[in-house]
Amino acid sequence: MKISVFGLGYVGCVSAACLAGQGHRVVGVDVNPVKIDLITAGKAPVVEERIGELTAEVVASGALRATTDVAEAVADSEISLVCVGTPSAPNGSLSTVYLERVAEEIGEALAKKSERHTVVFRSTMLPGTCLDLLIPILEKASGRTAGVDFGVAVNPEFLREGTSVKDFFDPPKTVIGEIDEASGDAVAALYEGLPGPVFRVPIPVAEMTKYADNSFHGLKIGFANELGSICRALGLDSHQVIDVFLADTKLNVSPAYLKPGFAFGGSCLPKDLRGLVYAAHRADVSVPILSHVLASNDEHLQRAFDLVARTGKRKVGLFGLSFKPGTDDLRESPLVELAEKLLGKGYDLKIYDANVSLSRLMGANREYIEGRLPHLGQLLAGSVEEVVDHADVLVVGCKDPDVLAALPHGGDRVLVDLVRLPDAATRRLEEGYAGL
Ligand code: NAD
């Protein structure tokens, strides 16, 4: 198929490269010229396992190209996948400004096209957004009728940053919300041959399924971390407890997101929990459990800070800055928040994160760091050793093998383990070890 992908962020550039790898012809569209230049040069705009090689391969073969020209991309494709960001609005709801802009641009391009085209929204959005907001914009800008003159579908994305290429080819499920059967058929054809169940559902149901997933993931992490904190206070090994819990697959659930560790973050779980709670309150539905998941997460972040504070030492080395391993994404990263808390309290901090340095070198994340985190950007070290040499307290927020290899045992330095190091069970018995 000929596909246009709007928004070449974490979701869009992975979808574009993977679909091109499946034999489709793909054109990516973004407003950010840095991303267009990177893809044109065969480079991925995000750090993610396998995405670099895949992008180089599909750009070289001509299966993937990138442009800022919306009209040309719509004219040259049968189906458009919209993957633009939907960040939190100041009131906790979801900002739809990027979605609205793209819907208008695609609508204008549709006005000039005679063949049927299908517009597929992959961005996460609250139920009602597509039917009540985006379809009217598409119809107004195109002068045409959705479900008659052009197709519309909502196809939420379930990939996880860090393993997104693998997740694309092995999705847990495919959810297709369709305005008519032809629209759903067009989306189903995109993923033909991929495993996992396919659900064809009404559009608002498809929108809501993504919130069911993300709020449950947040809830699981909060539950595991609270359980972990109680275990620690009682002198128990939380992972021994959780391993027994997880072995019971009759009554319990998948182990994903259920290992006690550090706080969650990133561009999805916090903003989607906020958005869902906002939508519930607007609908006069009281949701005490979901309302407190983020508060539980904040509490856990404070615990990590307290571990550092209790050492009484001031020179701190932090390993990891992105919100989880395998990605350079810094949005709502709990490690960024921890670094800011430490900095705010006057700690002498140095940070090392291989993925963040790499993406900064590529120019991909430079804008984000220089624009939003200049105070942390200047603390980034070029090597693991630089951080080890600097610090009296080493805070381990990622399991980078280079970092693990450089961690001292015992001695004067204190190790604050946020990720449950592979040898945590023995380290717990050593002096100078503190774990979450
Ligand atoms: P992102 O911020 O990384 O990327 C969005 C891209 O859209 C940016 O490159 C931006 O320049 C571009 N853009 C903005 N306006 C545009 C326009 N008018 N035309 C073309 N491009 C435009 O976002 P993301 O993390 O890829 O997330 C995209 C959506 O997918 C969000 O709704 C998110 O909630 C959802 N989602 C994200 C993940 C994830 O792991 N990141 C997983 C599943 C779903």
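**Notes on the C-terminal region and the cores**

1. Starting with residues 317–424: this stretch is 42% helix and 15% strand, and its end C-alpha atoms sit 19 Å apart. Keep in mind that we're looking at a predicted model. UniProt, in an unreviewed entry, lists these residues as "domain: UDP-glucose/GDP-mannose dehydrogenase C-terminal".

2. Next, the sheet. Five strands make an open sheet with parallel pairing, in the order E10-E9-E11-E12-E13. The edges are taken by E10 (348–352) and E13 (433–435); each has a single partner strand, so one side of each has no neighbour in the sheet. From one strand to the next, the twist averages 20 degrees.

3. Leu318, for instance, has Val395 in E11 as its bridge partner. Helix H14 (residues 334–344) packs on this sheet, where it touches E9 and E10, and its direction makes about 160 degrees with that of E10.

4. Now the nonpolar cores. The largest one has 67 residues, and Val5, Val14, Ala16, Ala17 and Val82 have the most contacts inside it. Helix H1 (residues 10–21) supplies the largest share of this core, 9 residues.

5. Ala17 is worth a click. Which residues is Ala17 in contact with, leaving aside neighbours within four places in sequence? They are Ala44, Ile51, Leu54, Thr55, Val58 and Leu64.

6. There's also a second, separate core of 49 residues, with Leu273, Ala304, Val416 and Leu418 among them. As general background, nonpolar side chains tend to be buried together in soluble globular proteins.

Definitions and conventions
Residues numbered from 1 in each chain as written. Predicted model: local features only at pLDDT ≥ 70, side-chain atom pairs only at ≥ 80, totals over all residues. UniProt positions renumbered as here; feature names shortened; annotations may be inferred. Helix = DSSP H or I, 4+ residues; strand = E, 2+ residues; numbered from the N terminus. Pairing = 2+ DSSP bridges. Axes fitted to C-alpha atoms, helices over the stretch in contact; angles between N-to-C directions. Contact = placed C-beta atoms within 7 Å. Core = buried A, V, L, I, M, F, W, Y, C linked by C-beta atoms within 7 Å. Buried ≥ 20, exposed ≤ 12 C-beta atoms within 10 Å, placed from the backbone.
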